[in-house]
Amino acid sequence: MAVKRVRFGIQTGQQFASWDEIVRIWQRAEALGYDTAWTYDHFVAVMMDPFDPCLESWSCLAALAVHTQRIRIGALVTGNTYRHPVILAKIATTVDVISNGRLEFGIGAGWYEPEHTMFGLPFGSVRSRCERLEEALTVIRALWSERQPSVSGTHYQLSAAIAEPKPVQRPHPPITVAGAGEQRLLPIVARHADTWSSFGSPAVYRRKIEILRRYCDTAQRDCEAIEKQVLVPAAITDDLSSAAPLIQGYAMYQGISEDEAREWMLLGSAGDVRRQIDAFVSAGVTHFVLTLSPYNFDVFERFAAEVMPYYRS
């Protein structure tokens, strides 16, 4: 089996920096050779002071499309519960047009209940959110690829709908579905996704990819054709004790032990990080998105200089 190309990206939560800083780091990411850059989709700061400023994801993407030329862009990931899929399909098409076909369309079922509560957005059970996500994907793909689609779903309906223009990318921008749920989310990945995004250690990915493979067999899709992506904090340092606050924060955020958190992260010297990446690649992961929270320019630059060249043919 041919080895797939490894891709590297960054995610810049809009709660961590000013607009000028976001533009600067995306342009620097492009210059350094990163493949992808992602916003995150929340209306308030998450897991920190909720009064911290937080710019809206898709508005930023449209502007960042103009400030960049090559790097592929997306939201990791859009909460389906935040926008009607007809509106989201139009927004995404607009960004794909503005970026000249560089959009990677990321979407998930939605997870942050406090945000829904404060804005009066329907949240519902895991089952209902996953059902809405799958219907939304059906609606969005129809609007992107059909002349006048009609869809009769439980949550969303179309009646000879017109959606012009179509995206630049045909048949549509690549779809990234994010989530870790094995019973409800992974079957959606198997039916709809070009990329699956999640988090965890190489061992976690190895186990979940085997589950995904079974769902792909049922859906008559090639599991190898679905890119596997990990959203991962990184700290390139010769003094691992300096990464203790990052490890503690990530463990608290994920609700896991600090030992588990270390296995879920890229930590240590450049050589250590490369060995950790190799373990992920061996498990089937080929797209690594570094979370920059808060922005650590030293890690960002060192990763590009000391890690990425080893994975470029």
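Over the ring of which residue does the charged end of Arg129 sit? That residue is Phe123, and the charged end of Arg129 is 4.0 Å from the centre of its ring. Keep in mind that you're looking at a predicted model.

**A stacked pair**
- Phe8 and Phe288 form a stacked pair, with 5.8 Å from centre to centre and 25° between the planes.
- This pair ties together distant parts of the chain: Phe8 belongs to strand 1 (residues 7–11) and Phe288 to strand 13 (residues 287–291), 280 residues apart.
- Phe8 and Phe288 are both buried.

**A tilted pair**
- Trp111 and Tyr112 also pair up, but here the arrangement is tilted, with 5.1 Å between the centres and 55° between the planes.
- Is Tyr112 buried or exposed? Tyr112 counts as buried because its relative accessibility is 14%, and the cut-off for buried is under 20%.
- Trp111 has a relative accessible area of 43%, so Trp111 is partly exposed.

**A cluster of rings**
- Which residues do ring pairs link into a cluster? They are Phe8, Trp196, Tyr205, Phe280, Phe288, Phe303 and Tyr311.
- So if you've already found the stacked Phe8 and Phe288, you've found two members of this cluster.

**Another charge over a ring**
- Arg274 has its charged end over the ring of Tyr310, 3.8 Å from the ring centre.

How values were computed: Residues numbered from 1 in each chain as written. Predicted model: local features only at pLDDT ≥ 70, side-chain atom pairs only at ≥ 80, totals over all residues. Heavy atoms only, no water. Phe/Tyr/Trp six-rings, centres within 6.5 Å; stacked < 30°, edge-to-face > 60°. Helix = DSSP H or I, 4+ residues; strand = E, 2+ residues; numbered from the N terminus. Buried < 20%, exposed > 50% of the residue type's maximum accessible area, 1.4 Å probe, protein only. Lys NZ or Arg CZ within 6 Å of the ring centre and 35° of its normal.
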